Amino acid sequence: MHNEFEVAIVGSGPAGLSAGARAAATGMTHLVLESSDQIANSIVRYQRGKWVMAFPTGLPLRSDLSFEAASRESVLEHWSAHTDALGINIRCRAEVVQVRSENGGFHLIQRDGAVISAQRVILAIGLQGNINKLDLSAHHSAPLQYHLDDPAAYQSQRIVVIGAGDSAIENALGLATHNTVYLANRGGEFPGAKPANEQAILAAIECGDVVPIWHASVIQANETSIQFKTPKGKTVIECDRVIARLGATPPRLFLQACGVTFPSEDSNALPELSPHYETRVPGLFIVGSLAGYPLIKQALNQGYEVIELSLIHI
């Protein structure tokens with residue numbers, strides 16, 4: 001099996017697929033390594049039926065992999081159908097656990113011990129593998145989850161969703177049709193949400209479809225309830241399920257082991273990158289949400305650009 005490439009791309013989300021498509025179009029020998037058993041796992045993990053937005057609307061798309069606003073299922077179907085046609089070389093179930101820089105190139109070690117050699121490496125691994133979790137006792141027995149696949153799978157339940165971002169809002173709205181839904185927010189608004197989502201959740205709160213718990217921090221949880229600290233004191237919510245959507249932080253230990261540097265010790269700090277998405281390690285690049293650009297169209301453009309820029313500048 002051929003294990004030496006001009007570029008190895010770790011991750012098959014929008015940025016990784018776009019980089020693979022551009023590498024194929026320019027004739028570069030390449031390999032996209034995906035740890036899961038399917039491509040675009042970041043999109044797969046969206047809740048079923050989610051409308052995938054194409055923001056920023058005024059940003060021209062620069063990618064060999066086309067994309068427009070559509071349902072989660074349509075986007076996945078389109079990308080799956082076109083990866084072969086575009087000539088993207090993808091290997092699934094290939095989790096990279098170490099990237100070593102040696103003699104001007106790189107060795108990528110997979111969990112199963114397999115080794116890939118590449119002249120350049122593009123990390124497009126996103127943040128989903130390093131999600132933030134509630135600070136609860138290891139002995140808690142709460143029915144707690146950090147992901148929601150299909151809101152329709154839950155009926156007539158009391159569900160507490162925790163978070164203030166788009167994922168938490170979309171989960172709450174999707175569940176509210178057939179459940180009693182509470183939305184716990186550490187603040188009093190939704191500053192990081194897309195305007196359409198913010199408007200929708202505020203309307204749902206106004207009409208009583210979603211019950212808000214403002215300025216709330218979790219104290220403890222058990223099999224039948226969750227307790228919050230709020231300005232009004234302790235608030236206990238009897239519930240059947242807790243869904244926490246708390247965002248994610250960069251996989252710092254893995255990145256530092258690769259030689260990547262950060263501007264501060266803040267766990268949310270993004271890696272230090274050049275204007276060409278290159279880290280302090282020559283030939284090692286980072287694109288997509290891990291580079292601070294979480295929108296799909298931005299990630300697609302970065303995947304395209306990192307290949308073009310590497311051909312010109314490296």
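Tyr 277 is buried in this predicted model, because its relative accessible area of 13% falls under the 20% limit for that class. The residue is found in the loop between helix 6 (252-257) and strand 17 (284-286). Its backbone also deserves attention, for the phi of Tyr 277 is near 70 degrees, a positive value in a residue other than glycine. Most residues other than glycine have a negative phi.

Ser 156, which is not a glycine either, has a positive phi of about 55 degrees. Ser 156 lies in the loop between strand 9 (144-145) and strand 10 (158-162).

Most peptide bonds are trans. Phe 55 and Pro 56, however, are joined by a cis peptide bond, with omega at about -10 degrees. Pro 56 belongs to the loop between strand 3 and strand 4 (70-71).

Is Lys 50 buried or exposed? Lys 50 counts as buried, because its relative accessibility is 14% and the limit is 20%. Beyond its neighbours within four places in sequence, Lys 50 is in contact with Ala 70, Ser 71, Arg 72 and Glu 170.

Strand 2 comprises residues 30-33 and is covered on both faces. On one side His 30 and Val 32 are buried, and on the other Leu 31 and Leu 33 are buried. In a regular strand the side chains alternate between the two faces of the sheet.

Strand 2 pairs with strand 1 (residues 4-10) in parallel, through 4 bridges. Within this pairing, Ala 8 stands opposite Leu 31. From strand 1 the chain passes through helix 1 (residues 14-26) to strand 2, and this β-α-β crossover is right-handed. Strand 2 also runs parallel to strand 5 (residues 90-91), to which 2 bridges join it. In that pairing Leu 33 stands opposite Arg 91. Strand 2 is therefore joined by parallel bridges both to strand 1 and to strand 5.

Terms used. Residues are numbered from 1 along each chain as its sequence is written. This is a predicted model: local features need pLDDT of at least 70, side-chain atom pairs count only at pLDDT 80 or more; totals for chains, interfaces and linings use all residues. Side-chain values use heavy atoms; hydrogens and water are left out. Buried means under 20% relative accessible area, exposed over 50%, partly exposed in between (1.4 Å probe, protein chains only). Contact means heavy atoms within 4.5 Å. A crossover is right-handed if, with the strands pointing away from the viewer, the path from the first strand over the helix to the second runs clockwise.
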